[in-house]
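Here is a short briefing on one protein model.

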Amino acid sequence: MTANEQTDNEQAANEEIVEQTDVEVTVEDVVEATVAEHVPVVDVERAIEAILMIADEPQSMVSIATAMSVPVKAVKQAIENLVNDYNGVNGGVERGFELREVGGGWRLYVRESYDHVVADFVLTQNPTKLSQAALETLAVIAYKQPISRGQIAQIRAVNVDSVVRTLLSRGLITEVSSDAETGAILYGTSDLLLQQLGINSLDELPLISPLLPDGQEGFDVDAS
C-alpha cells in the first residue's frame, strides 16, 4: 500500500467517525432504549385497564408509567385510545363506563346515563344494613361535605377507605369535586340518601351540636 493510499484510508475513517459523532442522542432516547431492553413487552392499554380496575383514586400518567416502566408518552397515547374506545368513537360501541380525568388523574366511572341502573341494582342486591362504622362515616360526610377521605379519617381517627368504597357502591355518597391544591377527591351525599331518609334537602337534617359533648368536636357549627 502506497503512502497516498494509506492517507486516503485514514481520511475516510476520520470522516466516518465525524459523521457518527454528529448523530444527536438525548437522555430520553437512552432511557427508553434501556427500558425496552430490560422490561418485558406489555400491552399498555390492557395494563392500564388492569391498574385502573383496582385503583381507589385517580392515577396520574406519571404514576401509571412508573408502575409499568414505560414512557409517559406511551401511556398518554394509550389513554387517548381507551377514551375513544369507551366513548364509541370511529363507529365503536359506547360502553356503560367511561375513562375520566379528575384531579389530575384518570379513573374508570359509570357513565352518567347508567347511574339510575346502578342505583337500582345496589338497592335490590345489597339490602343489608350499614355497619356502625359506615353510619358514622356517612354522618361525617353529610354534615361536613364536601370533604376528602383524609379529612374524614382525621375526624374519625381511623382509616376510612373501605367504608367510603361501601358508601359509594351503595350510591349513598358521590364524588362532587376535587381539592384545587391537593387534587384529593371531595365527597358529598347523593339524592338517593335524601330519598332513604325521607327528606327534601340537607337543611332538614337535625342539628349535630346538641349530640356532641362540647357542641363542636371536629364540626364547624353555625353560631346562629
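The axes of helix α7 (residues 132-144) and helix α9 come within 10 Å and cross at roughly 80°. That makes α7 roughly perpendicular to α9 (65 to 115 degrees; under 35 is roughly parallel, over 145 roughly antiparallel, the rest oblique). This is a predicted model: local features need pLDDT of at least 70, side-chain atom pairs count only at pLDDT 80 or more, and totals for chains, interfaces and linings use all residues. Residues are numbered from 1 along each chain as its sequence is written, and side-chain values use heavy atoms, with hydrogens and water left out.

**Helix packing**

- Two packed helices are described by the angle between their axes and the distance between the axes.
- Axes are lines fitted to C-alpha atoms, for helices over the stretch in contact, and angles run from 0 to 180 degrees between N-to-C directions.
- Helices (H or I, at least four residues) and strands (E, at least two) are DSSP runs, numbered from the N terminus.
- From α7, the residues A133, A134, T137, L138 and I141 meet V163, V164 and L167 of α9; contact means heavy atoms within 4.5 Å.
- By class, this contact of α7 with α9 has 7 nonpolar, 1 polar and no charged residues.
- Ala, Val, Leu, Ile, Met, Phe, Trp, Tyr, Cys and Pro count as nonpolar, Asp, Glu, Lys and Arg as charged, and the others, Gly among them, as polar.

**Salt bridges between separate parts**

- Side chains of opposite charge can pair when their charged atoms come close.
- The count is 10 salt bridges, each a side-chain nitrogen of Lys or Arg within 4 Å of a carboxyl oxygen of Asp or Glu.
- D161 and R149 form one of them, at 3.5 Å from N to O.
- D161 lies in helix α9 (residues 161-169) and R149 in helix α8 (residues 149-156), so the pair ties together parts that are 12 residues apart in sequence.
- D161 is partly exposed at 29% relative accessibility, while R149 is buried at 7% (buried is under 20% relative accessible area, exposed over 50%, partly exposed in between, with a 1.4 Å probe and protein chains only).
- E98 pairs with R111, their closest N and O atoms being 3.8 Å apart.
- E98 lies in strand β1 (residues 97-102) and R111 in the loop between β2 (105-110) and α6 (115-125), so this pair links parts 13 residues apart in sequence.
- E98 is buried at 18%, and R111 is buried at 8%.
- A network of salt bridges links E94, E98, R100 and R111.

- E49 forms a salt bridge with R46, with the closest N and O atoms 2.7 Å apart.
- Both E49 and R46 lie in helix α3 (residues 44-54), 3 residues apart, about one turn of the helix.
- R46 is partly exposed, at 38% relative accessibility.
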